[in-house]
Every structure is written in structure tokens, then in C-alpha cells.
Amino acid sequence: MSVKKKQFDYIICGGGAAGLLLLQALREDSFFAEKQILLIEKETKNSDDRTWCFWEAAEGKFDVLLTKKWQQAIFAGSQSKIAFNLHPFQYKMLRSGAFYHHYFPENSPEQNFHFLQAEIKTLETKATFTEVYTDQGVFSANHVFSSLFDPELLKNQFKYPVLQQHFIGWFIQAPEGSFNPEEIIFMDFDIPQKNETRFLYVLPLSDQKALVEYTLFSKELLTKEEYENGIRAYLLKINITDYTIEEKEQGTIPMSCYPFQSANRSSLLHIGTAGGWTKASTGFTFKKTQREIRRLISFLKTGQPLNAFQIKNRFWFYDLLFLDVLEKYNHKGSELFSRMFDKNPPVRIFRFLDEKTTFGEELLVLSSFSIKQIGWFLAAFFKRIF
Ligand SMILES: Cc1cc2nc3c(=O)[nH]c(=O)nc-3n(C[C@H](O)[C@H](O)[C@H](O)COP(=O)(O)OP(=O)(O)OC[C@H]3O[C@@H](n4cnc5c(N)ncnc54)[C@H](O)[C@@H]3O)c2cc1C
């Protein structure tokens, strides 16, 4: 598809989760009805290239697209196992194929909306606008939103720890009764930690089918064999020996408090993972992206330059301390998470991760750690302050 126009009010670079959610929010709000909008994406987005999970209270706008949702969960440490009800939340699974199919606007009837399938080569910011250089020409706008993530930014700095949430997952088909379809295993740390933070994540779609992911929060990626041997060993441990692998999924999500917003300009805003919209302490991005887009839509109506859009708050600082500790004591991650789930009602943890808790509740979360662990956080705090 070619686009004749060269200048737009808004250009969205990348039609993944953040780009498509932003586009949809612009289309749904009459304030933007007269704005000329261009989405540029290099790929044909139609596959299940990722599975997004998130928790949400009550009904949500993606409910019609969900593969499954759950109300029950298990957290397992090496010493204890906690089964809990997620109420008022439900844990929801959305596969990207359904999402792209619904939100990808290739044949949009709106006159003000344009789509270009092209590879973006570079972005150049001028005084009042940003130019987007693609393999199909140059386009400009005074509001450019980019979800193109540059991992080099994280490699070229040492001030902020950079961990990864990295995993391989298998969708497996096993004999009847292999899984409880009503209950997810949110984190199972009862596996060899190998001096890192390693856990299994199991999302059962039926009593025969589940997504089983071997996941780490750590610095270095593993070989494919190491993740897959981890899944095999786990399935053996839970007595599932007869299964077929139907699909595989692999991912690496950056966990860092690096100030991604420093690359923003008055006419350029980074969004999604590229904008630091990943929750640094967990890697969850999908829900936070929805929240940031709601804020961004209100912000755009103020007419302020894009680099005035702030993403830092006190939760950013908590995440920073948590990553400082998790980087230094990566082999103790299992103990940290176990303590948090042992000592807090799960709803408090999920609200804390949603950045919705009060300062008093945050002190309760902190006080759930052992004296030794609190000492690690205090040391990280003083190191950051002084
Ligand atoms: C396998 C996997 C599973 C995940 N699961 C979860 C989960 O369960 N929950 C959760 O909260 N988060 C999850 N995440 C993290 C996060 O939600 C996703 O990575 C999410 O897709 C990030 O959205 P984004 O828009 O920032 O990036 P993307 O969705 O990756 O979108 C970026 C887009 O830019 C396009 N692009 C890149 N370069 C160019 C270029 N040069 N020219 C044109 N287009 C370009 C890409 O093709 C892509 O479509 C997962 C990530 C992965 C990889």
C-alpha cells in the first residue's frame, strides 16, 4: 500500500501492541477526528507471535478476544505453596493473532487515517517536527510516536541495572485430567534455581492443554536447550510424560529503570517497550501500555510538547530498588517473591504492581520482607540517594 501524502499530524511508528492501542484510542476520540494519522509497520501482522496476559477487575474491552480467563492461581516457593483467589481480578490471556486481526486497520474506511507497510530506517528530529525515513519515502509530523525499541541504549549505560524476563513456552497437549483448567500457576519457584531467579508459569486452556513457560528474571539469556530441558524436567516432575508440543513461544522483555524518556523530543515520543512502559520489576507491559495511552490521550489535548509527557513516579523508584537488589542477589529472587506472596493478600500485590496502592500499603509490602532482605533494600536505597 503506498501513501501519497508526506505530512501528517500524527505518525505512529510500529503497529505492535503500543502502536495499535494508541491508534485505536485516537480513532475512538472525536477530538482527533480531523487529524491526519499515519501508521507505519514493516510486517504483516496476523500471527500469534506472542501471548499477552494481564489481570483486570471485572469486564474489559478485550474480553471478546480472549482465549481464556482465570479466577484461581497458585504461587509456589521452594518451601510453600499458596493457592489463592484473584478476586476482584481475573487473569486474562489474549493471543496476538486475535488482537492484530481486530485492531490492525489495513482497510480502514476513515479518510484521515493512512497505513503504510514499510521499513523505517531512521528518525530525524527538527525544530518543530520529526521526519521518518522509510524504504518508501520520507514522512513528517509534529507528533511522532515510536515503538521501535533500540536495545543498544541499555547496553551503553551502567547507571541502571538491566535484567531480562526471558522464556520459552510450549503449548502442549497431554492426556485428560493433566491440568486444572480453572487454575493458573502464576510462579513455581520449586525448581533448581542455578544461582538465578527461575520459575515455571503454567496457563491451562483445558484439562488437556496448557502453555508451560520456563522463565527467568536474570541478566544473561540461556541456550534454547536449557529452557526446553527446564520445561521437560518440570513436566516430568508433575507426572506429565505423554504429550505433544503444538506451538512454541519465545520472548525477551527488558527489565530496566533506564530513563527511556531522555530520547523524547518536542515532536517525538517513544511508546511501549521503547518508551519505558514495561513494568521494570516484572516485565508486564500490556496493561501498563493501556494506562499510559489513557494518560497520553489527555496529555495530547493540552498541546504541550511531547517531551513534557512524564513517566516517572514513586513506583519507578521502588522498581529501581527492586532491580538493584535482584541484580545483586539474583540467586535469592525466589525467596523475595515467596516472602511477598506469603505475607500479603494477593490483591495487595496486584494493586501494588498496578501502581494503585497507598503509601501505607506500600510500607506493608516492604515490611513483609525479612530483616535481612529489608537490609538489602535499605542498602540499595542509600546507594541511590548518596
Ligand atoms: C513472546 C512475548 C510474550 C509477552 N507476553 C507478555 C505478557 O503476557 N504480558 C505483558 O504485559 N507483556 C508481555 N510481553 C511484553 C510486551 O507486552 C510485548 O513485547 C509488547 O508487544 C510490547 O509492545 P510494543 O508496541 O512496545 O512492541 P511490539 O509489539 O514489538 O511492536 C513494535 C512494532 O514495531 C515494528 N517495527 C520494528 N522495527 C520496525 C521498523 N524498522 N520499521 C517498521 N516497523 C518496525 C515491529 O514489527 C512491531 O510490530 C511479551 C513479549 C513477548 C516478546
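# Close-up views of a predicted model

**View 1. Trp 70 stands opposite Tyr 91, a residue of strand E7.** This is a predicted model. Strand E4 covers residues 68-70. Strand E7 covers residues 89-95. How many bridges join E4 to E7? There are 3 bridges, and the two strands run antiparallel.

**View 2. Strands E3, E7 and E4 make an open sheet.** The sheet has 3 strands, in the order E3-E7-E4, and the pairing is antiparallel. Which strands stand at the edges? They are E3 and E4. Each has a single partner strand, so one side of each has no neighbour in the sheet. On average, neighbouring strands here are turned by 25 degrees against each other, with direction ignored. As a reminder for reading any such view, side chains in a regular strand alternate between the two faces of the sheet.

**View 3. Helix H2 lies across strands E3 and E7.** Helix H2 is made of residues 96-103. At what angle does H2 run to E7? The angle is about 75 degrees.

**View 4. Strand E5 pairs with both E6 and E13.** E5 takes in residues 72-76, and E6 takes in residues 81-85. They pair in the antiparallel sense over 5 bridges. Together E5 and E6 form a hairpin, with 4 residues between them. E13, residues 183-188, is joined to E5 by 5 bridges, and this pair runs parallel. Follow Ala 73 to see both pairings. Its bridge partner in E6 is Phe 84. In E13, the bridge partner of Ala 73 is Ile 184.

**View 5. A cis peptide bond joins His 87 to Pro 88.** Omega for this bond is near 10 degrees. Where is Pro 88? Pro 88 sits in the loop between E6 and E7.

**View 6. Asn 239 has a positive phi.** The value is about 65 degrees, although Asn 239 is not a glycine. Asn 239 belongs to the loop between helix H4 (224-237) and strand E16. Is Asn 239 buried or exposed? Asn 239 counts as exposed because 9 other C-beta atoms lie within 10 Å, and the cut-off for exposed is 12 or fewer.

**View 7. Glu 355 also lies in a loop, between helices H8 and H9.** Helix H8 spans 346-353, and helix H9 spans 359-367. Glu 355 is a residue other than glycine, yet its phi is positive, near 65 degrees. Why does Glu 355 count as partly exposed? Glu 355 has 16 C-beta neighbours inside 10 Å. A residue is buried at 20 or more such neighbours and exposed at 12 or fewer, so a count in between means partly exposed.

**View 8. A shell of 30 residues lies around the ligand.** Which residues come nearest? They are Gly 14, Gly 16, Ala 18, Gly 251 and Gly 272. Several elements give two or more residues to the shell: helix H1 (17-28), strand E2 (37-41), strand E3 (51-57), strand E16 (244-256) and helix H5 (286-300). E3 gives the most, with 4 residues. By type, the shell divides into 12 nonpolar, 10 polar and 8 charged residues. The shell draws at least three residues from domain 1 (7-45 + 104-155 + 257-308), and at least three from domain 2 (162-254).

Technical notes
Residues are numbered from 1 along each chain as its sequence is written. This is a predicted model: local features need pLDDT of at least 70, side-chain atom pairs count only at pLDDT 80 or more; totals for chains, interfaces and linings use all residues. A residue is near a molecule or strand if its C-beta atom, placed from the backbone, lies within 6 Å of it. Ala, Val, Leu, Ile, Met, Phe, Trp, Tyr, Cys and Pro count as nonpolar, Asp, Glu, Lys and Arg as charged, and the others, Gly among them, as polar. Domain bounds come from an automatic or database domain assignment. Two strands pair if DSSP finds at least two bridges between them. Axes are lines fitted to C-alpha atoms, for helices over the stretch in contact, and angles run from 0 to 180 degrees between N-to-C directions. Two residues are in contact if their C-beta atoms, placed from the backbone, lie within 7 Å.
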